[in-house]
Amino acid sequence: MHQILVKAKPFLKWAGGKGQLLEQIDKHLPIELKKGKIKYYYEPFLGGGAVFFHIMQKYPIQFSYLSDLNEELILVYSVLQKSVEQLINELTKLSNEYYKIDETTREEYFYSIRHAFNEKRSKIDFDNYSANWIERASETIFLNRTCYNGLFRLNKNGAFNVPFGRYKNPRILDEDNLRNVSKLLERAKIFKADFAEVKNIIDKDFFIYFDPPYRPISKTASFTSYSKYDFIDADQKRLARLFRELSHNGNKLLLSNSDPKNENPNDDFFEELYGGFNITRIDANRMINCNAAKRGQIKELLITNY
Ligand SMILES: C[S@@+](CC[C@H](N)C(=O)[O-])C[C@H]1O[C@@H](n2cnc3c(N)ncnc32)[C@H](O)[C@@H]1O
């Protein structure tokens with residue numbers, strides 16, 4: 001049994017986070033990973049990174065490639081990797097200030113940080129690491145922990161627009177976890193990229209987990225609006241073509257998505273895109289309907305080339 005040295009877990013709440021599904025996903029991981037035959041892990045839709053944290057601590061992966069199109073997210077991971085103690089200092093300042101004021105003032109404080117965060121966006125060079133990334137990462141974590149539902153939503157202009165969350169005592173800073181995450185990231189390359197970049201990087205002995213933004217289940221549900229970049233059916237098709245292309249070189253691929261059959265049993269969108277691969281359905285406890293009577297167990301898709 002591979003020894004678990006650190007206990008790192010997601011440090012951001014993220015739409016589509018896979019924390020709840022880890023046990024089920026684990027059962028569908030390739031046997032080669034469990035036997036220690038796979039050395040490299042790649043997650044091109046990183047988000048909160050729940051699956052990365054799980055795999056990296058349970059199986060003997062030597063090195064991981066982590067990417068996402070969201071530059072604010074990649075900035076935070078990069079800061080954690082390079083400057084965790086400075087990040088903890090910045091977050092300590094923010095959380096101390098926040099805890100010592102009453103609830104009304106906290107709301108004002110939240111909006112003042114949000115406003116400053118949006119004002120500074122145009123001054124950040126997201127391509128080159130610099131000292132001002134540390135303050136920005138601390139603000140992103142702060143906003144994520146104190147905003148409504150822990151969403152990270154940017155509008156068309158790239159402004160963070162989630163309202164105040166009204167939590168009694170949100171956990172803004174978890175020092176031990178941030179240090180554990182940082183330790184784990186010593187064996188990772190983190191970069192901003194469209195998922196298509198995968199094909200320029202992988203060689204052999206890779207396990208790749210694709211967790212793209214969900215295809216919206218109904219027209220009203222907008223699970224895909226993570227950022228100013230929308231993920232439309234054309235992107236799902238582009239991803240399916242890449243999946244097929246990569247599956248030829250001996251790498252192990254796993255992809256998850258929402259199951260359109262939850263709403264329309266005749267919707268064969270993913271069966272058509274992933275014909276010839278293994279498609280399994282697992283139980284997810286996600287809410288798909290604002291009408292309470294229609295809520296309930298829904299399925300999520302897992303697609304593998306093994
Ligand atoms: C479902 S979330 C990932 C959730 C994550 N696995 C977790 O457990 O928290 C999808 C991610 O894809 C990213 N994304 C959207 N379009 C992308 C693209 N074209 N290429 C790469 N990443 C993209 C979003 O920024 C978002 O973080």
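This briefing describes the overall build of one protein model, the surroundings of its ligand, and a few individual residues.

The structure is a predicted model, in which local features need pLDDT of at least 70 and side-chain atom pairs count only at pLDDT 80 or more, while totals for chains, interfaces and linings use all residues. Residues are numbered from 1 along each chain as its sequence is written. The protein has eleven helices and seven strands, where helices (H or I, at least four residues) and strands (E, at least two) are DSSP runs numbered from the N terminus. Its radius of gyration, taken over C-alpha atoms, is 20 Å, close to the 19 Å that the globule rule (2.2 Å times the number of residues to the power 0.38) gives for 306 residues, so the protein is as compact as a globular protein of that length.

**Overall build**

- The domain assignment, which is automatic or comes from a database, gives domain 1 as residues 19–69 + 193–304 and domain 2 as residues 73–175.
- Between the C-alpha centres of domain 1 and domain 2 there is a distance of 28 Å, and the C-alpha trace of the protein spans about 55 × 45 × 35 Å along its principal axes.
- Of the 306 residues in the protein, 37% are buried; a residue is buried if 20 or more other C-beta atoms lie within 10 Å of its own, exposed if 12 or fewer, and partly exposed in between, with C-beta atoms placed from the backbone.
- Among contacts (C-beta atoms, placed from the backbone, within 7 Å) between residues at least 6 apart in sequence, 72% join residues at least 24 apart.

**Confidence**

- The mean pLDDT, which is the predictor's confidence in each residue on a scale from 0 to 100, is 90 for the protein, and 90% of the residues reach 70 or more.
- Over residues 223–227, however, the pLDDT is below 50, and this stretch has 17 contacts in the model beyond near neighbours in sequence.

**Around the ligand**

- The ligand is surrounded by 23 residues, of which the closest are Gly16, Gly17, Phe45, Gly47 and Gly48; a residue counts as near if its C-beta atom, placed from the backbone, lies within 6 Å.
- This shell divides into twelve nonpolar, six polar and five charged residues, where Ala, Val, Leu, Ile, Met, Phe, Trp, Tyr, Cys and Pro count as nonpolar, Asp, Glu, Lys and Arg as charged, and the others, Gly among them, as polar.

**Helix α3**

- Helix α3, which covers residues 50–58, is mostly covered, since seven of its nine residues are buried, namely Ala50, Val51, Phe52, Phe53, His54, Ile55 and Met56.
- These buried residues of α3 pack against α1 (22–27), β1 (40–43), β2 (63–68), α8 (175–184) and β4 (206–210).

**Residues of helix α7**

- Glu135 is found in helix α7, which runs over residues 132–146, and Glu135 counts as partly exposed because it has 19 C-beta neighbours inside 10 Å.
- Although Glu135 and Leu87 are 48 residues apart in sequence, their C-alpha atoms are 7.2 Å apart in space.
- Asn132 also has its place in helix α7, and it is exposed, with 12 other C-beta atoms within 10 Å.

**Loop residues with positive phi**

- Asn149 lies in the loop between α7 and α8, where its phi is near 65 degrees, a positive value in a residue other than glycine.
- Asp205, in the loop between α9 (198–201) and β4, has a positive phi of about 65 degrees although it is not a glycine.
- Asn149 is exposed, with 10 other C-beta atoms within 10 Å, whereas Asp205 counts as partly exposed, with 14 C-beta neighbours inside 10 Å.

Definitions and conventions
Two residues are in contact if their C-beta atoms, placed from the backbone, lie within 7 Å.
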